[in-house]
Amino acid sequence: MRVRLGPISMDYKGIARLAEVDEESHRAVFVVEGKETRGQGSASATITNRLVGEGGSTRVVVGTELSVTGRPAQFGRGIMQDVAAAMLRDFAECLSQLMMGTDAQETALAEAAAEPAEPLPEKAPPKPEASNPPPQRPQSEELKVGGVVWKVIVARVGRVLQRFARRRRPS
Amino acid sequence: MKPPQFEYDDPSSIEETLTLLTQYGEDAKILAGGQSLVPLLNFRLARPDRLIDINNVRELDYLRVEDGMLRIGALTRHSALERSSELGERVPLLRDAVRLVGHVQIRNRGTVGGSVAHADPAAELPVALTALSARFHARSSRGSRLLRADELFVTHLTTALEPDELLTEIEVPLPAPGTRHGFVEFSRRHGDFALGGAAVLLESGPDGSCRHAAIALLAAASTPLRASGAEQFLVGQRFNERVAAEAAERAVGDINPTGDIHGSSNYRRGLVKAMVRRALVQADSGAKEAA
Amino acid sequence: MRKGVIGTSLPRKEDVPLLTGAARFAGDVQRPGMLHAHILRSPFAHARLLSLNAGPALELPGVHAVLTQEDLPPAARAIPMRMFAQQDLEGYLQPPLAGGVVRYSGEPVAMVVADSRYEAEDAAELVEVDYSELPVVLRPDEALEEEAPRLHTGPNRAGGFRIEFGDVDRAFAEAHLVVEERLEVGRHAAVPLETRGLVAEVDELTGMLVVYGAAKIPHVNRRILARLLDRPEERIRLVELNVGGGFGARGEFYPEDFLIPFCALRLRRPVAWVEDREEHMRACNHSREQVHDVAIALAKDGRFLALRDRFLNNTGAYIRTHGLVVPGMTAALLPGPYRWSAYRCDASQVVTNKTPAGTYRAPGRYEANFVRERLIDVAAHRLRLDPVELRRRNLIARDDMPYPTGTHTDGHPVVYDSGDYALLLEKGLARFGWEEMRRWRDSAPHRGIGVGFFVEKSGIARWEYARVEVTNRGETHVYSGGASLGQGLETVLAQVAADTLGVRYDDVSVFHGDTATIPDGMGAFGSRAATLGGSAVLRGATRLRERLLELAADELEIAPEDLDLVDDAVIARGAPATRVSLSALFELARPARALGSNTQPGLSEEAYFLSEDMTFPYGLHCAAVEIDAETGGVAIERYTVAYDLGRAINPQLVEGQVVGGAAQGVAGALLEELAYDEGGQLVAGSFMDYLLPTAGEAPFVDVLITEDAPTSRNPLGAKGAGEGGTAAAGAAIANAVADALAAEPTRLPITPERVLTLAREGAR
Amino acid sequence: MTRREVSIEINGEVFERTVEPRLLLSDFIRHEARLTGTHVGCEHGVCGACTVQLDGEPVRSCLLFAVQATGHSIRTVEAMAALDGTLHPLQQAFHETHALQCGFCTPGFLMTLEPFVRDAEPAQLDDRTIRSALAGNLCRCTGYQNIVTAVKLAAERTHA
């Protein structure tokens with residue numbers, strides 16, 4: 001998996017796994033763990049996805065805890081925060097597109113804001129619903145951050161979440 | 001802390017550069033002033049297969065005014081901007097901004113195009129150019145296009161430039177005569193990337209009220225950001241401290257800056273607000289107008 | 001003295017090579033066939049080391065070796081303490097390369113040796129290391145909790161001690177006012193501009209192991225290296241080159257100080273290692289991080305009754321060479337310049353998953369002065385007394401000197417030798433313009449003034465060596481057991497030698513730091529080089545002068561007391577034409593001649609100086625600050641340091657020490673912080689985030705040097721000058737900020753965001 | 001990687017070598033040209049110890065590759081004093097005012113300040129301007145105070 005942010009690029013090899021599924025609270029936790037392919041650093045992310053009903057739409061609250069070791073962590077000015085924010089935004093967009101694309105009836109808006117290694121607050125302002133589609137990134141085909149693994153994870157997250165969402169529908 | 005291996009080309013023309021970009025695209029990285037890229041290379045956080053050094057593309061190094069536009073070649077060094085008396089007279093905001101870039105050694109080597117393409121939201125020039133409604137020329141073998149700041153800057157360190165595209169020129173519409181400006185930032189040390197800042201342009205009508213306002217925020221978001229709500233608020237207002245404070249409040253209404261060890265998101269939001277207010281006051285005082 | 005060389009601001013002897021680029025630092029050494037080492041470091045703050053595969057790295061062309069802990073000899077299992085050692089601490093010492101468990105991010109795991117540094121770094125990326133992460137603890141108070149992850153076999157409180165005198169509990173019970181605070185000093189570090197560097201080689205002709213790049217304590221380190229290599233000391237030569245700053249951190253014995261020589265012996269090739277900045281930030285000693293729960297008991301009139309402190313020193317993952325020095329200094333000097341009837345201090349040395357810590361300029365005192373002086377201001381605010389007046393009422397009187405404080409450190413009792421604290425206080429305030437600055441403060445909001453009084457110590461590790469020689473050209477050579485880290489050692493020792501002998505300053509050369517030409521020495525730390533080193537030179541030069549006069553007396557047939565030594569010759573007083581040059585005396589002292597006339601051959605005098613104890617310079621920092629209530633920025637309007645050193649050998653050098661020291665101290669109060677994330681990654685790991693002050697932040701520092709209280713503990717009367725500029729800077733800045741905000745800062749550094757938080761929440 | 005031939009003029013002497021493109025100019029100057037007066041303090045463009053003049057202008061040599069200096073002229077601290085050893089006025093001023101202690105950062109300061117002192121107008125020589133001019137060079141020993149004094153002294157003599 002290659003993480004890119006502008007000129008910064010880090011290659012990790014590792015695994016992504018579904019660590020926890022809580023059908024009751026509509027919560028799914030993914031863990032991604034990687035080791036730098038060149039260099040000694042590592043990265044791991046815990047991505048918590050939770051479905052929240054909101055009037056006619058459903059909000060996916062995505063929280064992430066990112067832990068990075070090695071030079072990316074030390075090279076300052078908060079680039080890891082930037083990387084984390086960008087990764088999460090990509091993740092959210094990707095998820096949002098996936099879910100809106102696969103189930104047109106359902107409106108799932110992925111909300112993302114990241115402070116790494118801090119549980120995501122839910123205070124993000126409510127977004128207007130379906131009429132306002134998520135912004136299209138210029139290279140929406142090729143995610144700048146995250147690359148292939150994101151797609152895999154997003155697909156799996158999406159499947160779990162859609163299962164949750166369907167179950168919510170009657171309420 | 002030594003850079004990883006890479007192949008190296010040093011084309012001497014735009015055409016040659018575009019050919020190389022077409023050939024190597026994603027695997028190549030443009031090397032301009034190198035003041036941001038080389039530290040990343042030394043830390044081995046960037047590992048392009050190939051560097052395309054454009055420092056010998058002399059046709060990219062110019063600064064001229066024509067048709068009401070300031071045209072800046074992408075390879076123009078910060079120090080050239082700093083020294084240009086024409087720039088000081090016609091676009092003093094840019095001069096004030098460039099003076100705050102790093103230190104003399106950085107400005108002697110750093111380029112305007114490099115600073116723009118690096119797209120650091122805490123960098124001075126992208127913010128000043130955003131306030132100035134500059135447009136950015138990108139060229140590739142496929143053709144050329146012109147982008148606005150909001151089109152160019154995508155997120156942290158990321159622009160909309162395609163891998164085969166080269167930023168060639170920045171065009172800055174000359175501010176109307178009588179336009180006043182302010183550029184303010186706060187950093188913990190002299191010359192560091194600021195924790196927050198603002199660039200402001202104010203144009204007044206004959207009655208003294210604001211006819212046009214431009215406010216761009218530094219380190220407030222993942223890109224340079226125009227505070228359009230605050231700009232609209234200012235139009236038609238007669239300037240005073242209260243108006244400045246209100247505009248500043250509106251400017252940071254929905255920003256959520258990234259926090260780090262030097263300041264939390266909250267701190268930075270308050271800081272950007274203060275910077276906007278001060279930049280407005282600075283612009284209003286007009287003290288910085290012209291060289 | 002005769003020529004007034006001592007006490008004069010002569011230009012520095014060291015300068016010309018440094019100004020012209022001719023000086024040689026460790027990184028400048030190039031030897032034939034030299035290889036380059038790169039240290040592979042743990043990215044994790046705490047992890048089990050499962051496996052290490054160097055195979056792919058060794059396949060890379062240009063790579064010569066990858067060394068791991070398995071390659072090291074048994075003698076090299078741990079780097080010993082050299083000061084304030086305690087038996088309990090043995091289990092916490094650092095191995096040169098980690099085996100089994102890594103305990104901080106940056107801990108050496110392997111060493112890669114290649115033809116160039118570039119290739120060594122390429123290869124290091126290919127070494128495959130498997131770790132299994134362990135839980136991390138970063139704060140010293142959390143490390144002491146029951147369920148905290150344990151770093152070593154022993155408890156996380158690696159060591160500690162109590163210092164106590166008087167009836168503390170009773171004093172607190174009977175006090176009119178008790179003020180208690182939790183005060184913290186953030187982790188910061190020395191960060192010299194030159195990173196560490198070493199080149200080691202085995203001289204093929206002599207078999208001597210030569211190590212270039214020694215610093216601070218070459219002879220001490222040779223002893224440690226000999227022990228770890230199991231090699232005789234005399235088969236090892238350490239050579240000090242130019243050294244780009246030390247400030248306590250550089251020159252201690254680190255893992256690399258073993259690894260590089262070991263590698264050179266093993267590969268039989270010269271091996272160079274130059275630390276890069278990124279690794280310096282994680283590898284070289286950190287310092288300062290302490291948490292104090294401190295209380296002061298006062299009588300109604302403001303008299304100090306008792307001081308009680310319990311503090312934790314976060315020493316990072318291992319105990320390094322300094323043992324308990326930093327907490328020892330903190331506890332011993334916390335009482336400061338005041339009279340106390342009772343004092344109790346419980347000091348703990350606590351291990352956490354951060355880079356190991358050691359000394360940094362004014363170690364333990366920067367922290368102690370902040371704690372005590374901050375607390376006194378808080379007390380003054382509660383008593384509605386002027387903070388300066390409160391201090392004035394409690395200073396130890398001049399007539400009480402020498403004053404046994406009742407404390408001690410590493411076996412040294414702390415007995416203040418001399419001092420007129422009240423006089424210094426008034427002189428310092430006058431120099432600062434205290435009354436003027438009060439008016440300045442009152443004329444606008446967010447302005448504050450504050451002081452910090454300190455008593456420093458200098459000249460620890462009691463002895464030093466010197467040898468003074470006259471050469472065949474009639475010049476003077478001084479060999480010192482001291483070391484230079486850039487502080488001007490050569491200048492000071494040349495002044496002492498020139499002054500004592502009567503020769504020209506320009507004719508004196510000073511040599512130091514080469515174990516081949518200097519039999520022993522203690523080096524440069526704790527502001528000791530000039531006082532102890534200078535006293536040894538004084539003693540050697542005095543004896544050499546006597547011999548020169550006696551030799552000349554024989555030659556000129558004039559009684560020695562009628563002779564004088566002037567510049568390059570011994571002359572008859574009142575008849576300067578009657579003379580014998582120093583170079584002629586050298587010929588007279590050659591063995592054939594000297595032995596024939598039954599005198600001692602050679603013009604060389606060795607001397608050791610032993611001091612009965614430390615000396616205690618003292619001083620005052622005064623700061624005036626203005627705060628930007630929107631940004632939290634702190635602007636320093638005026639900064640003054642008044643410092644009594646007994647005697648200044650070169651006042652301009654001393655001023656330079658004070659100004660530079662103050663810049664560091666102020667930066668520790670406002671800018672510098674080695675911030676970690678929750679996982680134990682040093683996020684301030686480069687110069688982008690670790691904020692050394694530039695010329696834009698370093699304040700203009702006005703320096704007043706006084707000589708009101710010379711010491712009798714050395715013949716120069718001089719007290720060390722190296723650390724007072726730093727010692728009370730944190731205290732003065734914090735007190736000025738407190739005054740400006742009417743709030744009580746309790747933690748350094750006071751960052752802009754903390755300033756705003758204080759302004760918002762802190763109004764007292 | 002493809003090595004490149006470079007030909008770099010340093011202090012009037014041309015150095016021709018074949019190097020990897022990634023070789024930093026600072027390393028070329030120090031290890032290929034053996035001019036070790038240029039020091040390396042951080043290798044990420046903050047400390048200024050590696051400052052040299054590229055075609056007369058101060059730049060950080062740790063942020064340039066040696067291949068980029070081909071055809072350019074580099075000036076380092078070794079070129080400042082006269083051949084007979086007479087110090088440059090700026091070096092002399094540093095010496096007289098104790099503007100250095102350990103001296104590791106000094107060559108970088110000299111390279112930055114030489115053009116500044118040469119071009120400075122007397123009106124520019126207030127503390128604030130001088131401090132701003134040298135803010136791109138870190139010094140850990142002096143607290144900068146005597147460096148400011150040295151700049152004033154050198155400028156006075158230069159423009160006298």
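Author: Let's start with salt bridges between chain B and chain D: in this predicted model the count is 4.

Reader: What makes the pair D:Asp27 and B:Lys2 a salt bridge?

Author: The closest N and O atoms of D:Asp27 and B:Lys2 are 2.9 Å apart. The rule asks for a side-chain nitrogen of Lys or Arg within 4 Å of a carboxyl oxygen of Asp or Glu, so the pair qualifies.

Reader: How many residue pairs are in polar contact between chain B and chain D?

Author: There are 16 such residue pairs, counting those with both residues at pLDDT 80 or more. On the side of chain B that touches chain D, at least two residues each come from β1 (7–9), α2 (37–42), β3 (50–53), α3 (78–83) and α6 (104–109) of chain B. The most comes from α6(B), with 5 residues. By type, that side of chain B divides into 14 nonpolar, 11 polar and 8 charged residues.

Reader: How much do chain B and chain D bury between them?

Author: About 2,700 Å², with 53% of it on carbon and sulfur atoms. Three residues, B:Gln5, B:Tyr8 and B:Gln105, supply 23% of the area that chain B buries against chain D, more than any other three. In terms of contacts, 33 residues of chain B meet 31 residues of chain D.

Reader: Why quote an area for an interface at all?

Author: Because the size of an interface is often given as the accessible area lost when the parts come together.

Reader: And what does that give for chain D and chain C?

Author: Chain D and chain C bury about 4,100 Å² between them, 56% of it on carbon and sulfur atoms. Here 47 residues of chain D are in contact with 54 residues of chain C.

Reader: How many salt bridges are there between chain D and chain C, and what makes D:Arg30 and C:Asp28 one of them?

Author: The count is 3. For D:Arg30 and C:Asp28, the closest N and O atoms lie 2.9 Å apart; the limit is 4 Å, so this pair passes. Across the interface of chain D and chain C there are also 27 residue pairs in polar contact, both residues at pLDDT 80 or more. On the chain D side, α1 (25–32), α2 (89–96), α3 (106–119) and α5 (145–159) give two or more residues each. The largest share, 4 residues, is from α2(D). That side of chain D splits into 21 nonpolar, 17 polar and 9 charged residues.

Reader: How many salt bridges does the structure hold over all chains?

Author: It holds 113. One that's worth a look is B:Arg47 with C:Glu125, where the closest N and O atoms are 2.3 Å apart. B:Arg47 sits in the loop between α2 and β3 of chain B, and C:Glu125 in helix α3 (residues 117–126) of chain C, so this pair joins two chains.

Reader: Are B:Arg47 and C:Glu125 buried or exposed?

Author: Both B:Arg47 and C:Glu125 are buried. B:Arg189 and B:Asp192 form another salt bridge, with closest N and O atoms 2.9 Å apart, and both of those residues are buried too.

Reader: What about C:Arg266 and C:Asp71, where do they sit?

Author: Their side chains meet in a salt bridge at 3.5 Å, N to O. The pair links distant parts of the chain: C:Arg266 is in helix α7 (residues 255–267) of chain C, while C:Asp71 is in the loop between β3 (63–67) and β4 (101–102), 195 residues apart.

Reader: Why are C:Arg266 and C:Asp71 called partly exposed?

Author: Partly exposed is the range between buried, under 20%, and exposed, over 50%. C:Arg266 has 44% relative accessibility, so it falls in that range. C:Asp71, at 24%, falls there as well.

Reader: How do you know that B:Arg268 is buried?

Author: Its relative accessible area is 7%. Buried means under 20%, so B:Arg268 qualifies. B:Arg268 is found in helix α12 (residues 265–285) of chain B. Leaving aside neighbours within four places in sequence, its contacts include B:Leu195, B:Pro257, B:Asp260 and B:His262.

Reader: Last one: what is the makeup of chain A?

Author: Chain A has 3 helices and 6 strands, running β-β-β-β-β-α-α-β-α along the sequence. Of its 171 residues, 53% are buried.

Conventions. Residues are numbered from 1 along each chain as its sequence is written. Chains are lettered from A and ligands numbered from 1 in the order in which they are written. This is a predicted model: local features need pLDDT of at least 70, side-chain atom pairs count only at pLDDT 80 or more; totals for chains, interfaces and linings use all residues. Side-chain values use heavy atoms; hydrogens and water are left out. Contact means heavy atoms within 4.5 Å. Buried area is the accessible area (1.4 Å probe) that two parts lose on being put together, summed over both. A polar contact is a pair of N or O atoms within 3.5 Å; within protein, one must be able to donate a hydrogen and the other to accept it, and residues adjacent in sequence count only if both atoms are side-chain atoms. Ala, Val, Leu, Ile, Met, Phe, Trp, Tyr, Cys and Pro count as nonpolar, Asp, Glu, Lys and Arg as charged, and the others, Gly among them, as polar. Buried means under 20% relative accessible area, exposed over 50%, partly exposed in between (1.4 Å probe, protein chains only).
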